[in-house]
Amino acid sequence: MDKDASPLPQDRDRAEKEASFEVSHRAVEDDPLVRVVNKMIADGIEQRASDILIEPLEEELQIRYRIDGLLYKTLSLPKAFQDSVISRVKILSGLDISEHRLPQDGRFKMYLRESEVDFRVSVIPCSLGEKIALRVLDKTKVSLDINKLGFDTRTLELFKRNLIKPFGMILVCGPTGSGKSTTLYSALKYIDTIGRNIVTVEDPVEYQLYGINQVAVYEDIGLTFASTLRAILRQDPNTILVGEIRDFETADIAVKAALTGHLLLSTLHTISAPGALVRLINMNIEPFLISSSCLLIVSQVLLRLLCPQCKEAYQPTVAVLEELRTHGLAISKDDVFYKNKGCSVCNNTGFKGRIAVAESMEITPLLKDLIIANASEKEIRQAAIKEGMATLKENGFRLIRAGLTGIDEVLRVTSLD
C-alpha cells in the first residue's frame with residue numbers, strides 16, 4: 001500500500017470509534033459512583049473474597065464478601081445508590097439495564113494491580129430490588145497443580161493412578177463451593193499432552209485452559225450437557241470433562257462413554273463418596289453399568305486454615321475430647337491443639353486460606369459386587385473403610401494434628417460425614 005494513501009473508510013470508522021470509546025471510558029471512570037463500584041470490587045480482591053454480594057435491603061444496599069467460605073458484611077451504601085450501582089455492574093457485564101423482571105447472567109474482566117481478574121455475574125429480581133452475585137475468578141490465586149490441592153497421600157496416589165488409565169469414569173463430589181472444578185482442572189492439566197484429545201462441556205466455563213477445547217452449555221438454544229456430549233463423542237476424544245451430571249440422559253451417555261474407550265471426569269452434588277453411587281442408581285443407571293465404568297470417587301470439602309500469625313495452642317475441655325472420640329478419632333496425650341485468635345493479617349477472623357480435605361473410594365472388586373447387589377450406602381461405606389478409605393473427619397483430624405486447622409472447623413464442615 002502507498003504510504004501516502006488515505007486510510008480505508010472502514011479503518012477510519014474503526015479508529016474514530018476506538019477514539020470515541022477511549023474518551024467516553026475516561027469520562028465514565030471519573031464518575032464518583034463508578035469509583036465506588038471499582039473500589040468495592042478492588043477491596044473484595046484485596047481481602048481474598050471468592051464472591052461479592054450486592055443485596056438490596058429496605059433502607060440500604062448491603063455489600064457482603066465471602067472470604068474463606070463465610071460471608072462478612074463490609075459496606076452499606078445509601079438506598080438512593082441502589083439503581084445506579086446495579087446498572088453499573090450490568091453495563092460492565094454486558095447485560096440489559098432495562099430488564100428488571102428476569103434473572104440475567106454475564107461476565108466481565110478487570111485489570112487490578114497488573115493482573116487480570118474474571119468475574120461471573122448473576123442478577124436475580126427480589127422483592128426489594130435486584131440482587132447481584134459476583135463470583136471472583138482470580139487466576140493468580142488459583143494453582144492448578146494436582147500436587148498442591150492439599151489431598152492426603154492416599155487420595156493423591158489413587159487420583160494419579162486412575163487418571164492415566166485409558167478409559168473409565170472418575171467422579172469428584174462435594175457441596176457447592178467445595179473446589180470440585182479446581183480439582184478437575186488440575187486433573188486435566190496433569191494429563192494434558194500433545195497426543196491427547198481433551199474436550200470439556202461446562203456450565204459455565206470458569207477458567208480457560210490453554211490447549212484444551214472447552215464448550216459452554218447454553219440450554220436456551222438446546223446446547224445441553226447431553227446434546228454436547230453426543231457431539232463430542234463424534235470427535236474421537238481421549239478425555240472428556242462433563243461439568244456436572246444432573247440427569248439420567250447425561251449420566252447414561254457419560255457412563256457409556258466411559259465404557260467405550262474414553263476417560264470421563266465429572267462431578268456430582270453429594271456429600272460422601274458412597275453417596276455418589278446411590279445418586280447414580282437413583283438416576284436409573286443400571287448398577288452393573290456403574291460397577292463396570294466407575295474407577296474412583298473423591299468427595300471433598302474445603303477447610304479454613306488457621307492464620308499462622310496469630311493461632312495459639314490450647315487444651316480442649318474433656319467434653320470436647322470425648323466428642324472427638326465419639327466420632328471414632330483416636331486422641332493421645334501428646335496431641336497439641338490450636339485455635340484461632342485474630343489479627344490484622346487475617347482481618348481478625350483467625351483464618352487465612354483454605355485447603356481441600358477428601359475421602360477417596362476406589363471401586364475395588366468387593367465394592368463392584370456390592371454395587372451390583374444394590375447394597376445400601378451404609379454397607380458400601382463400611383466396605384470402603386475396610387478397603388482403606390479414610391473418612392473426611394479422619395483426614396480433617398490429621399490437619400488438626402498438624403496444627404493447620406481447629407477442632408470446630410473440622411466438625412463444622414464434616415458434620416454430615
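**Close-up views of a predicted model**

View 1. Helices are DSSP runs of H or I with at least four residues, numbered from the N terminus. H3 covers residues 82-93, and its 12 residues reach 17 Å from first C-alpha to last, close to the expected 16 Å (1.5 Å times one less than the number of residues). Gly 94 follows H3 and has a positive phi, near 70 degrees. The model is predicted: local features need pLDDT of at least 70 and side-chain atom pairs pLDDT 80 or more, while totals for chains, interfaces and linings use all residues. Numbering starts from 1 along each chain as its sequence is written, and side-chain values use heavy atoms, without hydrogens and water.

**View 2. The pair H11 and H12.** The axes of H11 (residues 365-372) and H12 (residues 377-386) come within 10 Å and cross at roughly 175 degrees. Axes are lines fitted to C-alpha atoms over the stretch in contact, with angles from 0 to 180 degrees between N-to-C directions. The two helices are therefore roughly antiparallel (over 145 degrees). Leu 366, Leu 367 and Leu 370 of H11 meet Glu 379, Ile 380, Ala 383 and Ala 384 of H12, with contact meaning heavy atoms within 4.5 Å.

**View 3. Met 361 in the largest nonpolar core.** This core (buried Ala, Val, Leu, Ile, Met, Phe, Trp, Tyr and Cys joined through side-chain atoms within 4.5 Å) has 40 residues, and Ile 297 and Met 361 have the most contacts inside it. Helix H7 (residues 248-259) gives the most to the core, 6 residues. Beyond four places in sequence, Met 361 touches residues including Leu 277, Ile 297, Leu 367 and Ile 380.

How values were computed: Parallel < 35°, antiparallel > 145°, perpendicular 65-115°, else oblique. Buried < 20%, exposed > 50% of the residue type's maximum accessible area, 1.4 Å probe, protein only.
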